[in-house]
Amino acid sequence: MPYRSDVEAADALKIAYHDIRAEIGKVIVGQDEVIKFVLISIFSNGHCLLVGVPGLAKTLLVQTVAQVLDLDFKRIQFTPDLMPSDIIGSEILGEDRNFKFIKGPVFSNIILADEINRTPPKTQAALLEAMQEKSVTAAGVTHTLAKPFFVLATQNPIEQEGTYPLPEAQLDRFMFNVALDYPTFKEELQVVKNTTSTAMVTVNKKLNAEQIIYFQQLVRNIPVSDNVLEYAVKLVGKTRPNSEFASPQVKRLLNWGAGPRASQFLILGAKCHAVLNGKYSPDIEDVQAVAKPILSHRIVRSYHAEAEGLTANDIIAQLL
């Protein structure tokens, strides 16, 4: 890479990030928070879960990100009859009477797992193995996935009938859990204008796979001071009802707290957030900026919290 130092590379990542945001903004109106967290999870080498009602441009967002980053993109629509082999691929008997492995859609850079809670646990587990190990095992042979590899899963929060909610252990593999909201009146006006005319928008490629892998490594190289590390680990400790840091309020409102993966993602997310905002080392504000989407799907509320109508984000806001 043509950078003389990490400082120069960090400046380049910040510029690239703003260019990417501008390109995505040609297609996606609003959703600034969502775009920010999707890009942070890509540069931090994590995965992202998007929760929102239908029609909020979740699929379009992922397609646009893949175009701007010049990455291979596949969409998997999850249904109750989807099998693991539909995702990872299967062995077939070739013309030469030998078995050969035909790769499934998981062999791509960006995977959109649409409505991941619509498919049975066996199929969910096949995708989640790929997310964790960055490889797939079929008929005893391990196949390595392409780099960078990034899964964006979507869930519809309204209808839970006939769905298979992701277990906590599998939710834990997603770096971020991002909630999409309805657009504002002005944004929706703009969306309707853009999508009901013949105007065609072209987005330009701003990065390629090699550069993304380089920037993922750069994010890991960023130094973190001890007080920021301690703050992140202590923040996660505060969510555990039986920990020394837990307040009486947390003991009443939470049954389970976040695991060590939350601490790791808080630091990685804070490093990336710092660089994208022109800093060379994260501070406590950077940890706080990424805390809600990292912790919200890792804590289990108690009966008291549900009775009082407190969401996971309300409880995290109290901790911050």
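Two strands count as paired when DSSP finds at least two bridges between them, and strands themselves are DSSP runs (E, at least two residues), just as helices are runs of H or I with at least four, both numbered from the N terminus. The model here is predicted, with local features needing pLDDT of at least 70 and side-chain atom pairs counting only at pLDDT 80 or more, while totals for chains, interfaces and linings use all residues. Residues are numbered from 1 along each chain as its sequence is written, and side-chain values rest on heavy atoms, with hydrogens and water left out.

On one side, β5 pairs with β2 (residues 73–77) in the parallel sense over 5 bridges, and I76 sits opposite A113 of β5. There are also 4 bridges between β5 and the parallel strand β8 (residues 150–155), where L152 is the bridge partner of L112. Because 5 of the 5 residues of β5 (residues 110–114) are buried, the strand is largely enclosed by the rest of the structure; buried means under 20% relative accessible area with a 1.4 Å probe, protein chains only. In a regular strand, side chains alternate between the two faces of the sheet. Here I110, L112 and D114 point one way, and I111 and A113 the other.

Turning to the nonpolar cores (sets of buried Ala, Val, Leu, Ile, Met, Phe, Trp, Tyr and Cys joined through side-chain atoms within 4.5 Å), the largest has 74 residues, and I24, V38, L50, L61, F176 and L266 have the most contacts inside it. Leaving aside residues up to four places away in sequence, V38 touches C48, L50, L61, V65, F150 and L152, a contact being heavy atoms within 4.5 Å. Another core, of 27 residues, lies apart from it and includes L49, F101, I111 and L127.

Then there are the pockets. A pocket is an open set of points on a 1 Å grid over the protein atoms alone, where a 1.4 Å probe fits, with protein on both sides within 12 Å along at least five of seven lines; lining residues have an atom within 4 Å of a point. Volume is the space filled by probe spheres set on the points, which are joined across faces, edges and corners. The largest pocket comes to about 920 Å³. Of its 34 lining residues, V51, N177, S296, H297 and A312 are closest to the centre. The second largest pocket, about 500 Å³, has 23 lining residues, with S44, N45, G46, K134 and R220 nearest its centre. Helix α11 turns up again, giving the most to this lining with 5 residues.

Note on methods: Buried < 20%, exposed > 50% of the residue type's maximum accessible area, 1.4 Å probe, protein only.
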